[in-house]
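Here's a quick look at how this chain is put together. Have the viewer open while you read.

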Amino acid sequence: MALDRKDLAILAELTTNARASHTELANKVGLSSTALARRQKALEDDGYIQAYQAALDLTQFGLTTTVLVRIALESQSDEALKAFEAEVGKCPSVVRCFLMSGTDDYILIVLARDIQDFERIHRTELSRLPRVARVQSSFALREVVNRAVPTVVFGEGKR
């Protein structure tokens, strides 16, 4: 399905308010509620919309420390990668994991209550991951940008 301006407008609105009613969305993008509902369903069916989820304020849960953890494995063999990936998904404090190019094999995003909590996470979760040769951690001082989708997707800020 090729996306047109109305589809992009629907997606842009949903990324800022996924709880918007069909009537509210329809008014914002200039469609009838029926047409909006049909387009939104098509966007879901075609995989453009994968899920709707709440954005939580994790500080309300005491998670105030974001740590970027760089991992180098002892080997880049298929077995080593699979073993690491199978286990890192079980780490409850890891919220994202990226396989990387360059000197680090993975970058993890870890959420912790504070530095002492991260020390516990390092000891009980990260240090137990298989085939790890090196772990380097950096603490985020503050978040500057956090968007689920780059605005260029919606035609804003084109290069």
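Predicted model: local features only at pLDDT ≥ 70, side-chain atom pairs only at ≥ 80, totals over all residues.

The chain splits into domain 1 (5-54) and domain 2 (58-140), and their centres, taken over C-alpha atoms, sit 35 Å apart. An unreviewed UniProt entry annotates residues 3-64 as "domain: HTH asnC-type". That span is 53% helix and 0% strand, with 38 Å between its end C-alpha atoms.

Now for the helix pair. How do α1 and α3 cross? Their axes come within 10 Å, at an angle of roughly 80°. Since angles of 65 to 115 degrees count as roughly perpendicular, α1 and α3 are therefore roughly perpendicular to each other. At the contact, α1 brings K6, D7, I10, L11 and L14, while α3 brings L36, R39, Q40 and L43.

On to the cores. The largest nonpolar core holds 18 residues, and V69, F84, L108, V110 and L126 have the most contacts inside it.

| Element | Residues |
|---|---|
| β1 | 65-73 |
| α4 | 78-88 |
| β3 | 106-112 |
| α5 | 115-124 |

What does L126 touch? Leaving out residues up to four places away in sequence, L126 is in contact with V69, V94, L108, F118 and I121.

There's also a second, separate core of 14 residues, with I10, L11, A20 and F154 among them. Two of these names, I10 and L11, also turn up on the α1 side of the contact with α3.

Conventions. Residues numbered from 1 in each chain as written. Heavy atoms only, no water. UniProt positions renumbered as here; feature names shortened; annotations may be inferred. Helix = DSSP H or I, 4+ residues; strand = E, 2+ residues; numbered from the N terminus. Core = buried A, V, L, I, M, F, W, Y, C linked by side-chain atoms within 4.5 Å. Buried < 20%, exposed > 50% of the residue type's maximum accessible area, 1.4 Å probe, protein only. Contact = heavy atoms within 4.5 Å. Domains from an automatic or database assignment. Axes fitted to C-alpha atoms, helices over the stretch in contact; angles between N-to-C directions. Parallel < 35°, antiparallel > 145°, perpendicular 65-115°, else oblique.
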